[in-house]
Amino acid sequence: MCAASTFDVFQRNKYLSLESFRKNGQGVRTPVWFAGDPPLGAPQTLYVYSEADSGKAKRIRRDSRVRIAPCDMRGKLLGDWIEARAEIVVDEEAGRGMRLLNGKYAPWKQLLDFFSKFKRRGRVVFAIRSA
């Protein structure tokens, strides 16, 4: 199955459950905002952001294997799990991911970005692609 047909289910959702894995193999699920690229049609890549020192960032740095599923804001699953790979992206690709997220979640994301400036914590952008 190609990424386009795999990720199209996410286009009608606001949240996805991102499951990353601890060293012992135990999954940790987190509901997150995401944006698809391209923004219209079937996305090839999904972008997610997080604080650089978060547990999910640490787990993804160590193991790129993730599972994703559509969910509501509390993490209740609304669809089936899909095996995928996540990587931390930088520079131009990270900028594109943040622009897509800003567009999808305006004005809420901009408000969170404003307050996050006071935390002085770095952020990372993940690109999620079909496994």
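Author: Let us begin with a term: a residue is called buried when its relative accessible area is under 20%, exposed when it is over 50%, and partly exposed in between, with a 1.4 Å probe and only protein chains taken into account. This is a predicted model, in which local features need pLDDT of at least 70 and side-chain atom pairs count only at pLDDT 80 or more, while totals for chains, interfaces and linings use all residues. Residues are numbered from 1 along each chain as its sequence is written, and side-chain values use heavy atoms, with hydrogens and water left out.

Reader: How should I read helix α3, and which of its residues are buried?

Author: An α-helix has 3.6 residues a turn, so residues three or four places apart point the same way. In α3, the buried residues are Ala94, Gly97, Met98, Leu100 and Leu101. They lie on the same side of α3 because they cover an arc of only 160° around the axis, the arc being that of the directions from the helix axis to the C-beta atoms. On the other side of α3, Asp91, Glu92, Arg99 and Gly103 are exposed.

Reader: What is the phi of Asp91?

Author: Most residues other than glycine have a negative phi, and most peptide bonds are trans. Asp91, which is found in helix α3, has a positive phi near 55° although the residue is not a glycine; Asp91 counts as exposed because its relative accessibility is 67%. As for the peptide bonds, a cis one joins Asp37 and Pro38, with omega about 5°, and Pro38 lies in the loop between β3 (35-37) and β4.

Reader: How do strands β1 and β2 run, and how many bridges join them?

Author: Two strands pair if DSSP finds at least two bridges between them. Strand β2 (residues 27-33) runs antiparallel to β1, and 7 bridges join the two; Tyr15, for instance, has Trp33 as its bridge partner in β2. Their hairpin has 5 residues between the strands, and in this hairpin Gly25 takes a positive phi near 90°.

Reader: Is Ser17 buried or exposed, and which residues does Ser17 touch?

Author: Ser17, found in strand β1 (residues 15-21), counts as buried because its relative accessibility is 2%. With contact meaning heavy atoms within 4.5 Å, and residues up to four places away in sequence not counted, Ser17 touches residues including Arg29, Thr30, Ile68 and Trp81.

Reader: Which residues have the most contacts inside the largest nonpolar core?

Author: A nonpolar core is a set of buried Ala, Val, Leu, Ile, Met, Phe, Trp, Tyr and Cys residues joined through side-chain atoms within 4.5 Å. The largest one here has 32 residues, and those with the most contacts inside it are Phe7, Phe10, Leu16, Leu18, Leu46, Ile68 and Ile128. The element that gives the most to this core is β7, with 5 residues. Leu46 touches Phe7, Phe10, Leu16, Ile68 and Ile128, among others, when residues up to four places away in sequence are not counted.

Key
Helix = DSSP H or I, 4+ residues; strand = E, 2+ residues; numbered from the N terminus.
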